[in-house]
Amino acid sequence: MSLQHWLGPIKDSGWQMYELSERLYPICRSITGDGVRETLKILQEYMPLEIEEIPSGTKVFDWTVPKEWNVREAWVKDAAGRKIIDFAKHNLHLLNYSIPIHQKMSLADLRPHLHSLPDQPTLIPYRTSYYQENWGFCLTHQQYEKLEEGTYEVFIDSSLTEGHLTFGTLLIPGKTEEEILLSTHICHPSLANDNLSGISILTQLAQFIQQGDRHYSYRFLFLPGTIGAISWLALHQDHLARIKGGWVTALLGDDGAFTYKRSRRGDTEIDRITEYVLATTGHAHQVIDFIPYGYDERQFCSPGINLAMGNLGRTPFGQFPEYHTSADNMDFIRPENLQQSFQLFCQMVAVLEGNRTYQNLAPYCEPQLGKRGLYSAIGGDNDRKERQMAMLWLLNLSDGQNSLLEIAQRSGLSFALLAEMADVLMEHQLLDLYPSSI
Amino acid sequence: MSLQHWLGPIKDSGWQMYELSERLYPICRSITGDGVRETLKILQEYMPLEIEEIPSGTKVFDWTVPKEWNVREAWVKDAAGRKIIDFAKHNLHLLNYSIPIHQKMSLADLRPHLHSLPDQPTLIPYRTSYYQENWGFCLTHQQYEKLEEGTYEVFIDSSLTEGHLTFGTLLIPGKTEEEILLSTHICHPSLANDNLSGISILTQLAQFIQQGDRHYSYRFLFLPGTIGAISWLALHQDHLARIKGGWVTALLGDDGAFTYKRSRRGDTEIDRITEYVLATTGHAHQVIDFIPYGYDERQFCSPGINLAMGNLGRTPFGQFPEYHTSADNMDFIRPENLQQSFQLFCQMVAVLEGNRTYQNLAPYCEPQLGKRGLYSAIGGDNDRKERQMAMLWLLNLSDGQNSLLEIAQRSGLSFALLAEMADVLMEHQLLDLYPSSI
Amino acid sequence: MSLQHWLGPIKDSGWQMYELSERLYPICRSITGDGVRETLKILQEYMPLEIEEIPSGTKVFDWTVPKEWNVREAWVKDAAGRKIIDFAKHNLHLLNYSIPIHQKMSLADLRPHLHSLPDQPTLIPYRTSYYQENWGFCLTHQQYEKLEEGTYEVFIDSSLTEGHLTFGTLLIPGKTEEEILLSTHICHPSLANDNLSGISILTQLAQFIQQGDRHYSYRFLFLPGTIGAISWLALHQDHLARIKGGWVTALLGDDGAFTYKRSRRGDTEIDRITEYVLATTGHAHQVIDFIPYGYDERQFCSPGINLAMGNLGRTPFGQFPEYHTSADNMDFIRPENLQQSFQLFCQMVAVLEGNRTYQNLAPYCEPQLGKRGLYSAIGGDNDRKERQMAMLWLLNLSDGQNSLLEIAQRSGLSFALLAEMADVLMEHQLLDLYPSSI
């Protein structure tokens, strides 16, 4: 195991992730369309992402891939011909997946198509209508309240046509074909935390993982929410048996504490590693049980799929006031937060990579460490004592039943020290990988 | 499932139960004899109870059905010929199962046969001597202390002869032959809480259950304590395999909090339902582990029988000062308390009836609820959101491993809402009963 | 079962144990040599201990029995020829296992061979160098600081030669060949708590156990630390299957609370008995999980051996300031403490001996205790009630799944009462030993 890469210091790339988010921010994404294609093409500059497309109308489990949506222009003009709402100024102004329309109408007829936030009067809300044909505009409540009676001209130059669902995948092969999934949604337009933060961090993480010797294979999924995950799962059913588990992630750039939502199974190695790393790094965090609502863990953890996929983020969706509004902008996320989130993923991957199970090759009584120079003779400093304790714990619990993680949790010693001392004991032929762990 | 009956509102019949108790109060019951027969005949006015009789001398496991006891008259006269203790005034005055006697004796010879309560000097105690031939009188300690030296005439016109043990049973058949037992003791004379309250409530509950479509069959047992339960079990050994479990109950009319004593097995569906209903209805209550002392759960939970029978009551026996005294009279129990206890049983039966296990028929990812009109399009009120969450939980956990109760406990949603939404999902062919739950 | 011996009062032998410790205190013990032999010979005066010897060079698992060490004289003289450090005055003055030397040297050359305690300047430390050839002296830091420049004469008349490893064992056979191990280390020179206290208590306990009728066989091991346990285990591998478990013990004479360190398996009958006795006797105590460091439980609980051996002592090693210094002398231990520790072992052995599993021979409903005179007729005092409850618990839980200990823990009744009532129920053919418990 090359400990240096996985357990060593992690370089600061907070600003790089921030800048990638900034670059992606203006693009109008949706669950289909050119905004997704443009986003994935930019990501290809950072990693050899494969872009896959599925035609509209394809059956994926209980769902059907919808028509592709694209939009060029959209506005509302008042009686005086002034554009009072304009998609060109902010792509949240348009109800995502709005059908085309060009029509004059009274304010009374327009009102049902307008969405604003009376409690947050300066913010534009984010609204979608993917699976029910509709059109609409979103605006600040301040704007809304200023609207006067009169005739309005509504224009939406969008198309909803047979096309494709687009997503990006990257497989980084490891020593085994057993796969770790890292999945995030890419369907949101100009919203920074939700989810340019997740996209940027997984992009950085893919680079980090590519640089190390890997035990596992890693598959990164950049998917439109819900339909993207369902499509990928429907097209890869034969593949699921080789998936060990992984993380759905999003909302990684805000100032809030981390939130880990356990997988449906609840006590998988993924769950235990995440909780261990959160606990031992000392970050403020909460751990909650699985609920069948949220991001794409809903699909990965549906009863027929039931993968060991948890969800890791910071403040949960809906629990910060900027959520799904124009205030989730580039001022809301911070490079330091992105970096801290990124490091957490690096540490989880490091524990995952290092979490082998060993067998003691001299299990009858303690082996004589002294004759191998592994034991301090008279006294000894604290550091040496910790290393000795690490060896004793490794020897005592390496009966094939305890992985390094379990030994770390039971002993209270650091995972990195145990991994290092396991290597030392292997060099002295006192420990070997347990067959199932090779 | 006909939810309306089981999960709907329950009519107030507190006064009816109180009046039945009042009617039964004066009768002198014992473990055998005409008092029991008369009691059961009155109950037959309310439900088609079967009255069964077992001859004295019948072997029932380690026991033998005792002789039948009846009493016509019993008194003690003082030297002046005045009746100073008279069974005709209160049937607790006579030691239950007293053998016949007619004799004059000194106060010194009489004293060992007198029972009073020095700490509760105005109350008559309730005493029995079923299995050891004896005679005696119970009186208030105030009376006892006024007794003067002199010759007393003691007269007990009772009979202890070959006869029968009598008890009442009612089977209300359901869709399956699997049976729920509801058992209470009927051997106490004029004691209201112990146990006319239990008798009245089970009578009302039998009527309630008869009115609904039943999944389970329900068997009501009105039994003389100990020997009645032992006899019934001994005569129905072949029958035990079809008993799912149930409740022994008594002491349901006082003002105290509920007490649930778990079955010997401790974590059966009966236990979980009882604890769930107690917790979610918000009644003050305590839950205690099984102990091999108390009412007939001692027999139902003996190691060779080991049925899933808990005991539900209010203040436990021996823990209220009126217990087994003349103060356990019709003033001690209240219609409101009877009604609340009755409702609790109705709710437990409702959860039992509704506690099916389902399987998700579209278990791969979430089914598309929207295309079935089951999902709100834009936004939605709280009620609609709860219904959506109920559907998501039902779909996610319906893998044959979780019953509705487990889904209710894990989700925090109400059992009734989940049951209702399970019906909706079944109508849409998204859920079906799991084979073992049909 | 002869309850009188195991569960009855235990005679006070605190002073006897103290006097044995006092007698053994001056002897210079090590892991080999005549000090060990002399110690074991003294113990033979108290019990029929077998003394066994293994030649130097014998391979025992990963270890080799070392050369035998003996010492006759050892001192350091200053330039004026005065003995400033003298083994004859205190055997801790010599680094245990020092090789022979006779040489003059400067203070600078001597210093690396001197050991003192700057934080405890009036105490002589205890130091060893068994597996790395070395020589040295231990002295108080006050002495150390007074040393002046000049030439010192160092003389150690020791021998490190082919010889033997010596240890003592005693097997007290019981009804079954299943063995309980009681092991303590005998390699420390003049240190009272560590471990003349352990030696004295196991000596007394052997006498106590010999006097009773035993279900189990008991094997006492008086072993040099580490190499003694490894040697014994290596030579008795075929024997391990018949060992039920037991206790490693030491440090039993100080004033501190008891400390029980669980076996590696953690929930064996040995662990449960120890924790039960500690909890119910009410002694101040702590229970800690197994760690692979400490006394010979390290060997008994190595993964290939994995016996149910816990460690029981008072204040743990290294956690009292007198530990491994000249202050661990006969003033540090007290007869009362020895007696209390001894009693605790007697009680644990009593529970172990009495912890049978029974089967109820009348498991269908309760047997009729009354007809056997086992049930009070009318009322009854508290003592009688406790005895009745004990019978009811025994009958209810004796289904082969619960031992007396489990019944005691679940019922809250005393183990001794339950054991007594189990005998009563056996006499009445209501209970019998469960086959696996005979």
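Contact here means heavy atoms within 4.5 Å. Keep that cut-off in mind for this tour of a predicted model, in which local features need pLDDT of at least 70, side-chain atom pairs count only at pLDDT 80 or more, and totals for chains, interfaces and linings use all residues. Residues are numbered from 1 along each chain as its sequence is written, chains are lettered from A and ligands numbered from 1 in the order in which they are written, and side-chain values use heavy atoms, with hydrogens and water left out.

**First stop: N91(C)**

Select N91(C), in the loop that runs between β5 (83–86) and β6 (101–106) of chain C. Strands (E, at least two residues) and helices (H or I, at least four) are DSSP runs, numbered from the N terminus. Is N91(C) buried or exposed? It counts as buried because its relative accessibility is 8%; buried means under 20% relative accessible area, exposed over 50%, and partly exposed in between (1.4 Å probe, protein chains only).

Now show what surrounds N91(C): setting aside neighbours within four places in sequence, it is in contact with P26(C), I27(C), C28(C), P189(C) and S190(C). With S190(C), draw the side-chain link too, a polar contact of 2.9 Å. Such a contact is a pair of N or O atoms within 3.5 Å; within protein, one must be able to donate a hydrogen and the other to accept it, and residues adjacent in sequence count only if both atoms are side-chain atoms.

**Second stop: helix α7 of chain A**

Move to residues 227–235 of chain A, helix α7, where eight of the nine residues are buried. Among them are I227(A), I230(A), W232(A) and L233(A).

Show both chains: 20 residues from chain B and 24 residues from chain A make the contact. The area buried between them is about 2,000 Å², 55% of it from carbon and sulfur atoms; buried area is the accessible area (1.4 Å probe) that two parts lose on being put together, summed over both.

Next, pick D62(A) and R372(B), a salt bridge whose closest N and O atoms are 2.7 Å apart. The count between the two chains is four salt bridges, each a side-chain nitrogen of Lys or Arg within 4 Å of a carboxyl oxygen of Asp or Glu. Then colour helix α11 (residues 382–397) of chain B, which gives six residues, the largest share of the side of chain B that touches chain A.
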